[in-house]
Amino acid sequence: MSNGKELNFDGRVAIITGAGQGLGRHYAMELAARGSRVVVNDVSPLKAQAVVDEIVSAGGQAVADVHDVASQAQSIVDSTLEAYRQLDIVVNNAGIMREGLFCEQPMEDFWRVFDVSFRGSVELTRAAWPHLVSSGSGRVVLVSSNGLLGAAGVTAYAAAKAAIWSFGNTLAMEGTRVGVHVSTIMPTAWTPMSAASWAGRPEVASVFRDKMVPDDVAAFVAFLAHQDTSLHGGLFQIAGGNAARLVLSRFPRVAVPDRTAEGWAGAASRLEEPSGELQPFFATADHLFDELAAIDPAVADSLRDIPAADLFT
Ligand SMILES: NC(=O)c1ccc[n+]([C@@H]2O[C@H](COP(=O)([O-])OP(=O)(O)OC[C@H]3O[C@@H](n4cnc5c(N)ncnc54)[C@H](O)[C@@H]3O)[C@@H](O)[C@H]2O)c1
């Protein structure tokens, strides 16, 4: 149940990268249908233009942009300003997957995955940042993946998506100071990318196709990107109508009386198969205080008044 207030994007301008197909296309359609002017970025000119045509024929406003996020981020911002003279929202959606075992994958494939997903998100967000600050209610959505947890054959994708999470977690702390909200999602939905991943498992593919539709993720992205949404700084899993916040957490600490390599060898099973209550961490400071508290509680207490986000500045 919504609280009855329509989330309208009239007067807003959004860049959606990789919006020629898949999730990005749905984000672009959703924001445009709610009144945003949308820059549909994709390296495929045909796909980008097709989405623009779809938006315009439905009564919305959009322009195509065909720059590569990995190397031409500034040009995406430039063409946005040329078309609409402002920028309020960036959805860093473009990403690619190239599979291969780490010791076999050509390094150019590894770094291309990183460049599109991570460098593209960083450079576009950097080029957009002053305009998002000027907006007064700038919004950045970053796209990570449950792939960050890892599976054999996807080291580049996993590492790039983990880097995005850490980038967004930190950027959000800086964004708080200037009115720019940053959120990161781990989406799951039926798209050309997921269809390719599940091509060999039709039973899983059919659940994706029927029950994990991109519109569900697009609704969540529209919620995060809206100027009235206070949610900020989180990493959210979203699939179907279910979302959850994810955090880094630790199991109970393992202390060894004998602080030698042999002492740790004696504790190996407690580290390998940990159990007990999880302690979540949201910022570097949370973790540092937790470590200090285990070693010198008085020093940890003396730091507690420093806001976690401001530890280093
Ligand atoms: N589909 C899922 O279930 C899923 C799961 C986890 C994460 N994701 C992430 O969501 C995002 C979108 O995924 P999708 O499934 O819609 O992918 P997709 O492959 O269907 O679409 C990606 C789009 O990005 C474009 N693109 C690729 N390189 C680009 C570049 N350098 N510059 C601009 N555009 C570029 C492609 O042309 C394509 O249109 C990706 O970042 C992906 O990693 C998707």
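I begin with a side-chain pair: His26 and Arg25 are joined by a polar contact of 3.2 Å. A polar contact here is a pair of N or O atoms within 3.5 Å; within protein, one must be able to donate a hydrogen and the other to accept it, and residues adjacent in sequence count only if both atoms are side-chain atoms.

Before I go on, a word on the source. This is a predicted model, in which local features need pLDDT of at least 70 and side-chain atom pairs count only at pLDDT 80 or more, while totals for chains, interfaces and linings use all residues. Residues are numbered from 1 along each chain as its sequence is written, and side-chain values use heavy atoms, with hydrogens and water left out.

Let me stay with helix α1. His26 sits in this helix, which covers residues 22–33; helices (H or I, at least four residues) and strands (E, at least two) are DSSP runs, numbered from the N terminus. With a relative accessible area of 17%, His26 is buried. Buried means under 20% relative accessible area, exposed over 50%, and partly exposed in between, with a 1.4 Å probe and protein chains only. Not counting residues up to four places away in sequence, His26 touches Pro214, Asp215 and Ala218, where contact means heavy atoms within 4.5 Å. Glu30 is also placed in helix α1. Its relative accessible area is 18%, so Glu30 is buried. Leaving aside neighbours within four places in sequence, Glu30 contacts Ala218, Ala219 and Ala222.

I turn now to the chain as a whole. It has twelve helices and ten strands. The radius of gyration is 21 Å, close to the 20 Å that the globule rule gives for 313 residues, so the chain is as compact as a globular protein of that length. That radius is taken over C-alpha atoms, and the globule rule is 2.2 Å times the number of residues to the power 0.38. The C-alpha trace spans about 70 × 50 × 40 Å along its principal axes. Of the 313 residues, 42% are buried. Among contacts between residues at least 6 apart in sequence, 67% join residues at least 24 apart. The accessible surface comes to about 16,100 Å², and carbon and sulfur atoms account for 55% of it. Accessible areas come from the Shrake-Rupley method with a 1.4 Å probe; for residues, only the protein chains shown count as cover.

The next topic is charge pairing. Side chains of opposite charge can pair when their charged atoms come close. How many salt bridges does the structure hold? There are eleven, a salt bridge being a side-chain nitrogen of Lys or Arg within 4 Å of a carboxyl oxygen of Asp or Glu.

One of them joins Asp88 and Arg12, with the closest N and O atoms 3.6 Å apart. This pair links distant parts of the chain, 76 residues apart: Asp88 is in the loop between α3 (73–84) and β4 (89–92), and Arg12 is in the segment before β1 (13–16). Are these two residues buried or exposed? Both Asp88 and Arg12 are buried.

Another salt bridge is formed by Arg98 and Asp109, at 3.7 Å from N to O. Arg98 lies in the loop between β4 and α4 and Asp109 in helix α4, so this pair ties together parts that are eleven residues apart in sequence. Arg98 is partly exposed at 36% relative accessibility, and Asp109 is partly exposed at 22%.

Salt bridges that share partners join Asp115, Arg119 and Glu123 into one network.

Helix α4 (residues 107–135) also holds Trp111, which is partly exposed at a relative accessible area of 44%. Together with Phe102 and Met107, Trp111 forms a nonpolar patch on the surface, with about 340 Å² of accessible area in total. Patches are made of residues with over 30% relative accessible area and no salt bridge: like charges are joined within 9 Å, and nonpolar side chains (Val, Leu, Ile, Met, Phe, Trp, Tyr) within 5 Å.

At 0% relative accessibility, Ala300 is buried. Leaving aside neighbours within four places in sequence, Ala300 is in contact with Phe289, Leu292 and Ala293. Gly20 lies 280 residues from Ala300 along the chain, and 50 Å separates their C-alpha atoms.
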